[in-house]
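Here are a few notes to read alongside the model.

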Amino acid sequence: MFRKVLVANRGEIALRVILACKELGIQTVAIFSEADRHALHVRFADEAVCIGPARSIDSYLNIPNVISTAELLNADAIHPGYGFLSESAYFAEVCEASRIKFIGPSAEAIRTMGDKARARREMDRLGLPVLPGSADAVHTEKEAVSTAEAIGYPVIIKAVAGGGGRGMRVVENRTGLLAALKMAQTEAASAFGVPHCYIEKFIGRARHVEFQVMADEYGNVIQLGERECSIQRRHQKLIEESPSIIMTPSLREEIGARVVKAVREVGYTNVGTLEFLVDERKNFYFMEMNTRVQVEHPVTELVTGIDIVRDQLLIAAGERLPHRQEDIQFRGHALECRINAEDPVTHKPSPGKITVWHAPGGPGVRIDTAAYAEYVIPPYYDSLIAKLIVHGATRDEAIKRMDRALDMFVLEGVKSTIPLHRQILRHPDFLKGDIHTKFLEHFEDRRARAVELA
Ligand code: MV4
């Protein structure tokens with residue numbers, strides 16, 4: 001096992017990694033920016049080093065500073081968390097070259113999955129269903145038109161280097177195709193440095209369901225079931241749950257088995273998530289693979305009883321998978337609400353000082369956070385203040401538990417998404433489980449009209 005791990009992140013995920021290390025008896029090194037001197041990951045790590053100014057490009061994303069800190073303090077591994085350097089194949093390569101274990105998949109696996117057109121091709125070849133689309137990036141108008149006519153409108157244009165929904169364009173007919181392709185390419189070039197885009201059949205009223213996988217370095221792969229993440233706003237997830245209301249044990253086994261086979265055949269290691277789009281007839285289509293631990297991993301931890309971050313450390317240290325597929329049981333229902341420091345109506349970030357803080361507790365309630373009373377949320381990073389995660393025997397019980405926990409969450413000084421969560425949890429369609437990726441858009445449109453009428 002590792003002796004010392006450098007945690008290359010901040011906020012709740014840095015704390016989550018530190019506590020997993022503490023339980024395994026591993027020493028930790030925190031890195032922090034000048035804006036994070038008073039952050040909890042700095043306090044709870046065994047050692048902490050300031051690696052640069054507030055802007056993440058100068059600190060959390062500064063590869064030479066991160067690597068030299070690890071070398072100076074003799075860390076034998078780096079946990080990247082999510083965001084920042086977690087999906088940089090180049091960073092994983094620099095770690096390898098510096099003989100520091102990157103806690104995640106190989107640089108090669110990150111690179112393959114980072115090319116969304118290539119990931120789609122690979123998964124198609126390995127037997128996962130994908131939507132009809134272009135085999136690779138489309139470059140000319142002629143190519144775009146012939147692809148779109150072959151698959152039929154509407155189509156969606158996506159960046160090869162994208163992911164998470166940025167730089168996508170839906171096209172209804174041939175008239176708008178060329179302009180949309182050009183715009184998508186320009187956006188992709190400025191956002192990701194690579195203009196290439198591919199085309200896929202567009203599915204209107206879809207769900208976003210993702211499978212969690214775990215793989216050791218000896219070819220053992222398991223799946224930990226699915227998470228339903230359809231409640232999103234501008235591609236930021238707000239509420240996640242497991243299981244998905246559309247799932248049945250046999251469908252989970254069927255898709256899970258195909259996922260496990262594909263992941264084994266690409267030689268993937270550590271933990272990962274395969275995102276699927278699910279249409280109204282419950283057809284699953286592979287969209288992309290995330291090669292990191294995800295924000296919403298706790299809902300899977302609560303229904304399976306598995307500590308995903310601990311297992312990431314074990315796998316990276318060369319241990320065998322500590323679970324067999326046949327021992328994995330899915331118990332009850334888990335929900336996660338992301339509490340962001342933002343205006344619940346305008347969604348503008350609301351950084352500043354938390355003046356009053358009380359986090360709820362009680363049976364079946366978990367909070368992953370790095371916030372505390374009098375903590376000042378800096379304006380430089382994402383606006384996640386806390387993840388409120390609950391577990392119940394049934395979906396109804398989990399929803400009631402979440403509602404009372406939100407009710408008992410006292411957070412003053414900054415605006416938050418708590419009121420928005422309470423409204424969503426009471427919505428009849430949410431209660432029925434009738435959710436899709438347009439849910440929040442429709443919900444906010446209705447609210448805007450209600451305000452106009454009032
Ligand atoms: C799609 C789609 C419909 N059809 N692809 C958004 C996130 C990125 N991973 C892919 N996304 C979508 N891809 C096809 N072929 C609709 C979306 C989408 C979406 C997906 C999941 C959750 C919320 C969403 C909101 C808008 C669009």
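**Notes on the sheet and the cysteines**

1. Let's start with isoleucine 389, which lies in strand β19 (residues 384-392); strands here are DSSP runs of E of at least two residues, and helices are runs of H or I of at least four, both numbered from the N terminus. Please keep in mind that this is a predicted model, where local features need pLDDT of at least 70, side-chain atom pairs count only at pLDDT 80 or more, and totals for chains, interfaces and linings use all residues. Residues are numbered from 1 along each chain as its sequence is written, and side-chain values use heavy atoms, with hydrogens and water left out.

2. Is isoleucine 389 buried or exposed? Its relative accessibility is 0%, so isoleucine 389 counts as buried (buried is under 20% relative accessible area, exposed over 50%, partly exposed in between, with a 1.4 Å probe and protein chains only). Leaving aside residues up to four places away in sequence, isoleucine 389 touches Pro298, Val299, Leu302, Leu335, Glu336, Gly364, Val365, Arg366 and Asp368, a contact being heavy atoms within 4.5 Å. Arginine 338 is 51 residues from isoleucine 389 in sequence, yet their C-alpha atoms are 8.7 Å apart.

3. Now the sheet: eight strands form an open, antiparallel arrangement in the order β13-β12-β9-β10-β11-β14-β19-β17, where two strands pair if DSSP finds at least two bridges between them. The edges are β13 (284-290) and β17 (365-369); each has a single partner strand, so one side of each is left without a neighbour in the sheet. From one strand to the next, the twist averages 25°, with axes fitted to C-alpha atoms (for helices over the stretch in contact) and angles running from 0 to 180 degrees between N-to-C directions.

4. Within that sheet, β9 (residues 207-215) and β12 (residues 270-278) run antiparallel and are joined by nine bridges. Glutamate 210 stands opposite glutamate 275 in β12. Helix α9 (residues 249-265) packs on the sheet and touches β9, β10 (221-233), β12 and β13, its direction making about 110° with that of β10. Helix α6 (residues 116-125) lies across β12 and β13, at about 130° to β13.

5. How many disulfides does a search of the whole structure find? The count is zero, a disulfide being a pair of cysteine sulfur atoms within 2.5 Å. For cysteine 21, the closest cysteine sulfur is in cysteine 95, 15 Å away and therefore too far for a bond; cysteine 21 is buried at 0% relative accessibility. Cysteine 50 also has its closest cysteine sulfur in cysteine 95, at 20 Å, again too far for a bond, and cysteine 50 is partly exposed at 29%.
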